[in-house]
Amino acid sequence: MFPLSLATSGQWVQICELRGGRGLRVKLSQMGLYPGQVVQVVLNDGGPIILGRDGFQLGLGRGMAHQILVKPIA
Amino acid sequence: MAMRKKLTVALAGNPNSGKTSIFNALTGTRQHVGNWPGVTVEKKEGHFTYAGVEVSVVDLPGIYGLTSYSLDERIARDFLLHGKPDLVVTVIDTTNLERNLYLVLQLLELEVPLVLDLNMMDEIARKGIEVDTVMLSQTLGVPVVTTVASQEEGIETLRDVIIESGQRNFVSPFKLNYGPPVEEEIARLQTILERSVALEGYSSRWMAIKLLERDPEIQRRLKKCPKQEEIMSAVMAATTRLESQLAHSDIEMALVERRYGFLNGLAKAVIRRKSRVEERLDISERIDRVVLNKYLGIPIFLVLLWGTFQLIFTLGGPLVDLVDTFFSWLGKASSEGALALGAPEWVASLVADGIIGGIGSVLVFLPNILLLFLAIAILEDSGYMARAAFVMDRLMHALGLHGKSFIPLILGFGCNVPAIMATRTLNSEKDRLLTILINPFISCSARLPIYVLFAGAFFAQAQGLVVFSLYVLGIVVAIGTALLFRRLFFAYEIAPLVMELPPYRLPSLHSILIHMWERSRLFLTKAGTIIAATVILVWTLASLPLGVEYASEASLIGGLGRLLAPLLAPAGFGFWQAAVALFFGILAKEVVVGTLGTLYGGEETLTAAIQSTFTPTSAYAFMVMSLIYIPCIATIGAIRREAGWRWALLSVAYSLTLGWLLAVLIFQIAQLLQLA
C-alpha cells in the first residue's frame, strides 16, 4: 500500500484507504474514488495527477493524492 | 383523482451528464452548456406545455451527492426538500453508470418521486455496451427512459413519462439495506424521531441516516427541537455502538462503501458488454499526457492565450473599421433626415450626437467582443478549459488560490458578473471570497472598447501588444491582491483540488455559435438599455442649461466634470470630459467610450478628438485607470449578493485607491523619464 502520488503513469491501482477530513473523503467517494474502486493512473509526472477509468477522468492535486492510499493491480 | 394541470419538475444529475442539453430539449430555451465544471447559475427555469399540462422545469446545479459539504449540493437539497417539486428527473451519464447512480441512491433515500433518464446512449452503443433498463427500473422501483440529448432522441418519451409520473406522485419503495447493525440503529432512531419531532414531510428514515452521518445541516435543524437532547444522545449511543460493531471509525464512509457495494452488484447485473472492449489509452488521455505535462502545460496555455488575442485583433480590426464607417454614415444620414422632416435642431442633435454617437461608439467594438466570446466558447466546448484549471493549479496554489478558482477568473475575461457567480463551486467560503474579491481586476469584455479606442489612436502599430499588456496588468494586480488579502484577511489552508475532466470533444459549430451568441447578446442588450439610457442622460446634461453649446464646459455635464477633473490631473487627464466618462463608467464600463463618443460627438471622429486631448502616456494611464478604478455597478451588485455589503464596500474603496495610484504613478514616472 502506498500513496497515490507515488504511482507511475499507466499503472492500474485499487484504492485502499482515504485519509483526510470527512468532507474530503465523502467528496472523493461521491466522485467515484472509494475504497475498493480500481482506476488507472493516466498521468503522474510531478504535476496534478490524472486518474481514469473507462468512462471518466478525474484530476487531483498532489496534496490530495498523498491522502489516498492504493495498492497495485497486476 | 383530478388531473394536475401544472407540474414542477426538478432536473438533477452529475456535472457533464448532459443535463443541460435535456433541459434545453425539453424547454426549448437556449442555455449555456458548459463542458467543464465551474459554470453554475443558481437556478435555471424553463417550461413547456404538453398534453394540456403546463410543466415548469428547474435545472439544479450538477451534483455528485446530497451532502452538506458543497454549496451546490446544499442548494439542490434545499430545493428538493422545500421547493417540493412534483417530480425529479435524474439525468445520467450512462457511460459512467455506477457513479451516476450514487446520486440516485441519495435521491431515493430522500423519498422524492423519481424518473431516471439514461443519457448518452449513443456513446454506450459505440463502446459495445447494453443496459438492461427493465431490470434497472424494477430493482430501483422507478421509471427509466433512455435519451441521446445531443440528437434530441427520446425526448418525446421523456415528456410522456414526465406527464404520467407527475400525475401519480409515486415514491419508490426501494430501500437500500445497509446490513443488520446499521439497519437496527436506523430503526431505533426512526422510532425516536417519529414520536419526538414534527417531521414536516421529511422521511424519518432519511433523517435517521443523516444523523448517523453527522450531517451538519440536520444537526442544526434539530437544535430548534425541544427533544433535541434526547435525540442527540440516542444518536451518540448509536454511533458508538456502530463504530465498535463495524470496526470502522467513520460511519459515513461505511455507508458510502455499502452504497457502492450495492451499486457494483447492480451494475454487473444490468450492464452487458456486447463486444470485448480493449483497454487502450483513449484519445483524450493521450492529449492530456501532453497538455498536462509538467513542462509543457503552462507554455501551451500561454500560447493558446496569446493566439486568442491575435485572433481577436487581426481578424477584428478590419471588421471594426467597417462598423465604424457604417455608424458615421448613419449618424449623418439620420441627422439630415430628421432636419429634412422638419424636426427641431435638438432632436437632430439627440439622435446624431447623443444616441447614435454614443451607442455607435460602443457597438463599433462588437466584432472584437464576438471574437472574444467565440474563443472562450471554443476553449470551453472542446474541454480544454478544465485542463487549464489543472495546469494553473500549482501556480494558483502558490498565490494562495485554489485551482478551481481559475475557471471563474477566466470567465471574468468575458464578464465579471457570471464569473463571480461561478465561484459557488468552490467549497471553502474563504476560497470563494478571495476569488470574488480579485475578480474585478480581470479585464472584462466591457473594458475592451476603451483599450481598442485608445490603443488604436496612439499605438496603432502595437495595438495587440498594448492591449495584451493591460490584460496582463489586470492579472498581475489580481495576483498581487490575492497575496495581499490572503495575508491580511485569510490565513488558511487551501482546499485540495479535485475535478472531473470531461472527454475532449470537437466542438460543434452549432454549439459554439450558440454560446458565443448567448454571451454577446448580454453585451448587446446592455448596449440597448443601460448604455442607451446613460448616453441620453449624458446628452441631456450636455445640452443643459438651455441654449448652451453642446457638450461644452458651460453645460451641466461640464460642471460635473470640472468638479472631478482636478483629482485626475496628476494622472495626466485632468480635463472634465475624461472625468465625466470615468464617472459614468461606474454604470457600465462600455459607457466610458459611449460618453466620450457623445461628448465629442460634434467632432469628426472620436479618435481624432482623443488624439488632440490625450498624449500616449496619459492615454495609457487612462486605460490603466479604466481597468482598475471601480467594478461596474452590476459587478458591485454581484459582490454584494455573494459576499455581503462590507466586502463590496471594501472592494470599491480598494480599487478606487489602487486605480488612481497606479494611473498617477505610471503617468508621473513616464513624465520623469521623458524629462531625463
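Guide: Two residues are in contact if their C-beta atoms, placed from the backbone, lie within 7 Å. This is a predicted model, in which local features need pLDDT of at least 70 and side-chain atom pairs count only at pLDDT 80 or more, while totals for chains, interfaces and linings use all residues. Residues are numbered from 1 along each chain as its sequence is written; chains are lettered from A and ligands numbered from 1 in the order in which they are written.

Visitor: Leaving aside neighbours within four places in sequence, with which residues is Ile251(B) in contact?

Guide: Ile251(B) belongs to helix α11 of chain B, where helices (H or I, at least four residues) and strands (E, at least two) are DSSP runs numbered from the N terminus. Its C-alpha atom is 6.2 Å from that of Glu213(B), 38 residues away in sequence. With neighbours within four places set aside, the contacts of Ile251(B) are Leu212(B), Glu213(B), Thr239(B), Leu242(B) and Glu243(B).

Visitor: Is Ile251(B) buried, exposed or partly exposed?

Guide: A residue is buried if 20 or more other C-beta atoms lie within 10 Å of its own, exposed if 12 or fewer, and partly exposed in between. Ile251(B) has 19 such atoms within 10 Å, so it is partly exposed.

Visitor: Which element gives the most to the side of chain B that touches chain A?

Guide: The contact takes 33 residues from chain B and 32 residues from chain A. On the side of chain B, α3 (97-110), α11 (251-270), α12 (283-291), α17 (393-398) and β9 (498-501) each supply at least two residues. With five residues, the element that gives the most is α11(B).

Visitor: How are α7(B) and α10(B) oriented to each other?

Guide: Helix axes are lines fitted to C-alpha atoms over the stretch in contact, and angles run from 0 to 180 degrees between N-to-C directions. The axes of α7 (residues 180-196) and α10 (residues 228-246) of chain B come within 10 Å and cross at roughly 175°. Angles over 145 degrees count as roughly antiparallel. The two helices, α7(B) and α10(B), are therefore roughly antiparallel.

Key: Angles under 35 degrees count as roughly parallel, over 145 as roughly antiparallel, 65 to 115 as roughly perpendicular and the rest as oblique.
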